Amino acid sequence: MNRALLVVGLLLAAGLVASTSSAKVVNENTDDLPPGCEEISEEVTYTVRGGSEPARGMDGVAFTFDERSFEVPACAEVTVTFVNTDPIRHQFMVHGTYPDGSTLIELPGEGEDTATWIAPSTPASLMVHCGVNQHQQKGMKAQFLVAGGEGDVPNVPGISGLPPEDRHDAHAHGEETADDRPAPGPGALLALLGAAVAVGLRGNA
Amino acid sequence: MASMLRRVPLLAVLALALTAMAAVAAVGGERGSGGAWDPPQTEETPTPRPEPACPDRHPDWRAAQTVMGVEVQADPQCQPDNPELVASFVKGTNNVNQTTLDDLALHEEAVEKCCDRDGDGDPDVINITIEALEINGFHLESDDLASPYHIAPGIHPTFWTFAPKSTIDHAGEAFRDIARQPSPPMRVEVGDEVHLTLENTHYFPHTVHLHGVDHAFQDEDGEGNDGVPDVSEAPIRPGEERTYEFTPRQAGTMFYHCHVQPDVHVAMGLTGILRVEEERDNNTVQTFNPGAGLVRHPAEGVSEDHDRQYDYHYQNVDKQLHEIPQQRNDPRELAREMHRTYDSTERDADYFLLNGRSFPYTARESNIVIDEGESALVHMVSGGEDTHSIHTHGHKPTIVAKDGVPLEEPVQRDVFTMTAAQRLDIVINATNNGLDSYGPGTWFMHDHREEATTTDGINPGGDISMVVYEDRMNETTAMPEHAGSWDLLFTDEYYEGEIPVFADLGMPWIHGDVANASDEDEDRSTLPVATGPVVGLSLLAAGLAHTRTRGGERS
């Protein structure tokens, strides 16, 4: 009896270890037309790979998407299949979609899922990112330019560059760095020089 | 020879005379001309606008309750753990519905429990999945920090943490309860088959080392299982995962931490308590205790002898290291600055944390609340590099175990020395007998290395907590009863050093700031600059004069 229980237990454990969990799609929209759209203008589909693998060899980038700029017409129905290349969590999150403000595909590990949304009727630049801590900062950012867009979304690798150097200073929070410390005044230097000469003379004598 | 003897005293006398003159000038300058008793006026003390001592986010979380069939102990403090979160970590996230998981920002893989192999009423196969996350890191589009986490008013260094596997959290609040400091205490039972998976979501490589926890050097597949890079295994690179396996045979308070570049990675926060509980019937343990502190679902073996179980994780923070990730974004620059430019041999701690916060924030969540006659078991670790001298007012607790090994002869002390990575199990016995306890109160508990009771040199701060008797927990404010006011302490300005420390005592004429004090300081600071050239030039002149004299003697 106990042995039977053990076998069942082991089978359950094996199943548990092997199980893969489902992805999460939030705020999909296939039929609610944004203001100004009378009909779907076009159906466009993309397959985007995201994770550490597409970033391989890119200077200063840890995670990214293999395509980072997409041009779509106004009122297009956009269907994205997001492929996670890593066994860790990643997201493909489009900001500024109608009607909920964002559309998300989250994948807990390797795998893929699909989401659909409808582009607005006027030109817009929609930001795409992975919301896992620091993934956006370390390169996992992209853009949808709707009807030509309104300029590039900032800090998209290879599209709009990385943050300018001066942002480094903006992020210093009060820490005294070597550069901030007061330098020894000319007085101290002269005193040292004087002392050195005096000592030197003693040595010569 | 004779001329040298003559010259040396001459130089010395000259230098001494000049120094004395400079000193006289300095004293005269400070007294001011004329020597009249005319001190500058006292500056008006700024009126502090404190944040609420207790933000009162979820008062309903404090009561004892049964959630999803799991008993959750009362925690009368301001910021207790969410009872649903506690219950989910007891039941296993694979046994909780998706709506609840979404509310908690937890992924179903965080803690999977199954299989009562020995028929004793609790699961014996435990799969735990953690992520390596950066909190308070760089933000591209604004000066705001990504996922702000404050250790004290206005203070938010960057940390790295191991956190239960999470999922999208639109509100942002639930995620902050699980992605914080310290890396959460983990609990398993003796004999559990544990699979601990680290998913490396961070941009640097990491590992998990099971410090003090019984584990094989390699797992059954021959993979490294000790977490030491390039000794037992390769480190887990960004975007990769690895599963560590162990079936602990010994109970005790253990430790886990990243072993990659540990002088930096341990300091950044990748350390936590790993508690192996004794085997008992129906002992389904609370796998994570987010933020440490009270274990709201204590282990069966502990409940037999004690009324409450606490985790107490001490850390020290050198802000110089913890600010680098807020100043740079490029991983190459971060690797250089954190691992090569930053010199851990010159480390100098500025912040001292208990359970991820400094006082007064510790007073919201990390007191030891106890009732007269009760017993509390506290599991302590020095998670950083400090050797602590933890002192309890009003009590002499008993040290019952060190480094997970029970002491044959427990010792009673009021100071506990605990060096880096060391664990102590102490029992606080609230029996009023003049030894175990002096009676009810709001009793201070703190590191007696006094710097650790400051936050960057401003006292009180650091790793202070309190032993609070239940009748002194104010039910309305959810804070301990105390004398005086803590208003000043709940301001950013106090810890920026902008408020006189005795400002709330009402004697500004002797404790307030001197008007235009900054100008005076500048006047005084020019003194050494002025003295330097005088002394230096005089010595130089004396030296040159001698050279000429000697030249004359030779020719």
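Predicted model: local features only at pLDDT ≥ 70, side-chain atom pairs only at ≥ 80, totals over all residues.
User: Where is Ala478(B) found?

Analyst: Ala478(B) sits in the loop between β23 (465-469) and α11 (492-495) of chain B. Residues are numbered from 1 along each chain as its sequence is written, chains are lettered from A and ligands numbered from 1 in the order in which they are written, and side-chain values use heavy atoms, with hydrogens and water left out.

User: Why does Ala478(B) count as buried?

Analyst: Buried means under 20% relative accessible area (exposed is over 50%, partly exposed in between, with a 1.4 Å probe and protein chains only). Ala478(B) has 1% relative accessibility, so it counts as buried. Its backbone has a feature to look for too: phi of Ala478(B) is near 60 degrees, a positive value in a residue other than glycine.

User: What is phi of Asn155(A) near?

Analyst: Asn155(A) has a phi near 65 degrees, again positive in a residue that is not glycine. You will find Asn155(A) in the loop between β10 and α2 (167-170) of chain A. With a relative accessible area of 10%, Asn155(A) is therefore buried.

User: Why is Tyr312(B) called buried?

Analyst: The relative accessibility of Tyr312(B) is 0%, so the residue falls in the buried class. Tyr312(B) belongs to strand β13 (residues 308-317) of chain B.

User: What is Tyr312(B) in contact with, leaving aside neighbours within four places in sequence?

Analyst: Contact means heavy atoms within 4.5 Å. By that test, the partners of Tyr312(B) include Ile273(B), Leu354(B), Val378(B), Met380(B), Met445(B) and Ser465(B). Met380(B) is 68 residues away along the chain, yet the C-alpha atoms of Tyr312(B) and Met380(B) are separated by 4.6 Å.

User: Why is Gln137(A) buried, and what does Gln137(A) touch?

Analyst: Gln137(A) has a relative accessible area of 6%, so it is buried. This residue lies in the loop between β9 (124-129) and β10 (141-146) of chain A. Not counting residues up to four places away in sequence, Gln137(A) touches Phe138(B), His139(B), Leu140(B) and Asn329(B).

User: What makes helix α2 of chain B mostly covered?

Analyst: Count its residues: 7 of the 9 in α2 (residues 83-91) of chain B are buried. They are Pro83(B), Leu85(B), Val86(B), Ala87(B), Ser88(B), Phe89(B) and Val90(B). Their cover includes β1 (65-67), α3 (98-104) and α4 (173-178) of chain B.

User: Which residues of helix α9 of chain B are buried?

Analyst: In α9 (residues 331-341) of chain B, the buried residues are Pro331(B), Glu333(B), Leu334(B), Glu337(B) and Met338(B). They cover an arc of only 160 degrees around the axis, which puts them on the same side of α9(B). That arc is taken from the directions from the helix axis to the C-beta atoms. An α-helix has 3.6 residues a turn, so residues three or four places apart point the same way.

User: Which peptide bond is cis, with omega near -10 degrees?

Analyst: That bond runs from Gln181(B) to Pro182(B), and Pro182(B) is in the loop between α4 and β6 of chain B. Another cis bond joins Phe359(B) and Pro360(B), with omega about 10 degrees. Pro360(B) lies in the loop between β14 (351-354) and α10 (362-365) of chain B.

User: How many cavities of 30 Å³ or more does a search of the whole structure find?

Analyst: The search finds 5. A cavity, on a 1 Å grid over the protein atoms alone, is a set of points where a 1.4 Å probe fits but cannot get out, and lining residues have an atom within 4 Å of a point. The largest cavity holds about 70 Å³ of space, a volume being the space filled by probe spheres set on the points, which are joined across faces, edges and corners. Its lining includes Lys113(B), Arg187(B), Val188(B), Glu189(B) and Thr287(B). Strand β6 (residues 186-189) of chain B gives the most to that lining, with 3 residues.

Conventions. 1 Å grid on protein atoms, 1.4 Å probe; cavity = no way out; pocket = protein on both sides within 12 Å on 5 of 7 lines; lining within 4 Å. Helix = DSSP H or I, 4+ residues; strand = E, 2+ residues; numbered from the N terminus.
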